[in-house]
Amino acid sequence: MNTDAPITEADVTPTKAGATPLDRPDAPTDPGTTVSYVYALSRAGTALDTRAPQLTGLDDGALRTVTCGELSALVSSVPAGAYSEEGMRARLEDLSELAAVARTHHAVIEAAYATTTVLPMRLATVYLDDARVRSMLHERRADFGELLTWLEGHVELGVKVYADPREAAAAPPDPAPATGSAPVSPGRAYLQQRRAQRRHHRDAYRAAGAVAGAVPDRVSALARARVAHRPQQGDLASGPGENISNEAYLVPAERTGQFHQALTGLADDVPGVHVEITGPWAPYSFATPPTAGAGA
């Protein structure tokens, strides 16, 4: 089970307690009570019902399924105070705490996705109780059902492009023709070095942009949809240099090998540019219905 799913901007967007991408149920009023935390949705009667009791959620809570009609939600009980608006705001201010919550959230989703198609929910998708979860499933049954059908048999793959000007500057220069010029003074040599550094910096970013622009064309025949995320910064960016492109692709599970092959060698001969492919993941970036005209 892969638990290294990236924390996305959507994951860390502050919301009121109980907020979801589609609904906003009542917030709990007693911080000593528990509320229902929803990790993912799936079709009822799948292997998820069997798998749920084998999983552990946030705060070591046991998982269960809450079913309404043809849909089931993967749920655990969490302390209302810790997952209220104030509680989640405190977690958002502590990246290590947020990362721990995100790892557990994603680990549950990935374990569930190993058994059946699921629709991942955002962090802190909280409802007052299981009855409110059933109401949400009933109200959005058509949307959720269509989306699960759309995602069936697909995985998410991430593609990140990084620019590393220092690596570009360290690359062996192209051989220059021999000249009979006089030796360069130290001051002039310094100025030439500074101009070269600025040139390497500029060229590395231009080259990375060109590589990033080539990715969609290479995989367009393999991906059903594409989402461009904001480039990651700081601790969220794991690759060398600066992340200048961060995209997610919805790909048929049986074509992941072809996807990797299509991008093989894309930046091998470009100093200071790196391409990173992550996944396969559950379709976190495609958990809302595609808009008109969206696609790979």
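Is R89 buried, exposed or partly exposed? One thing before setting off: the model on your screen is predicted.

**Stop 1: the main core.** Select Y37, Y39, L58, L74, Y83 and I109. These are the residues with the most contacts inside the largest nonpolar core, which has 30 residues. Now colour β1 (34-43), β3 (71-79) and α3 (95-113), the elements that give two or more residues to this core. Helix α3 supplies the largest share, 8 residues.

**Stop 2: around Y39.** Centre the view on Y39 and show what surrounds this side chain. Leaving aside neighbours within four places in sequence, Y39 is in contact with G57, L58, L63, L74, V75, S76, H105, V108, I109, L119, P120 and M121. Two of the core residues you have already selected, L58 and I109, are on that list.

**Stop 3: the rings.** Go back to Y37, Y39 and Y83 and show their rings: these three tyrosines form one aromatic cluster. The structure holds 4 aromatic pairs.

**Stop 4: charged pairs.** Side chains of opposite charge can pair when their charged atoms come close. The count here comes to 4 salt bridges, and the tour visits some of them.

Start with R64 and D130, whose closest N and O atoms are 3.0 Å apart in a salt bridge. This pair links distant parts of the chain: R64 sits in strand β2 (residues 63-68) and D130 in helix α4 (residues 130-139), 66 residues apart. R64 counts as partly exposed because its relative accessibility is 26%.

Move on to helix α2 and select E85 and R89. They form a salt bridge, with the closest N and O atoms 3.1 Å apart. Because the two are 4 residues apart in helix α2 (residues 85-92), about one helical turn separates them. E85 has 27% relative accessibility, so this residue counts as partly exposed. And here is the reply to the opening question: at 40% relative accessibility, R89 counts as partly exposed. The reasoning rests on the cut-offs, because buried means under 20% and exposed over 50%.

Finish at R140 and D143, where the side chains meet in a salt bridge at 2.1 Å, N to O. D143 is partly exposed, with a relative accessible area of 30%.

Technical notes:
Residues numbered from 1 in each chain as written. Predicted model: local features only at pLDDT ≥ 70, side-chain atom pairs only at ≥ 80, totals over all residues. Heavy atoms only, no water. Core = buried A, V, L, I, M, F, W, Y, C linked by side-chain atoms within 4.5 Å. Buried < 20%, exposed > 50% of the residue type's maximum accessible area, 1.4 Å probe, protein only. Contact = heavy atoms within 4.5 Å. Phe/Tyr/Trp six-rings, centres within 6.5 Å; stacked < 30°, edge-to-face > 60°.
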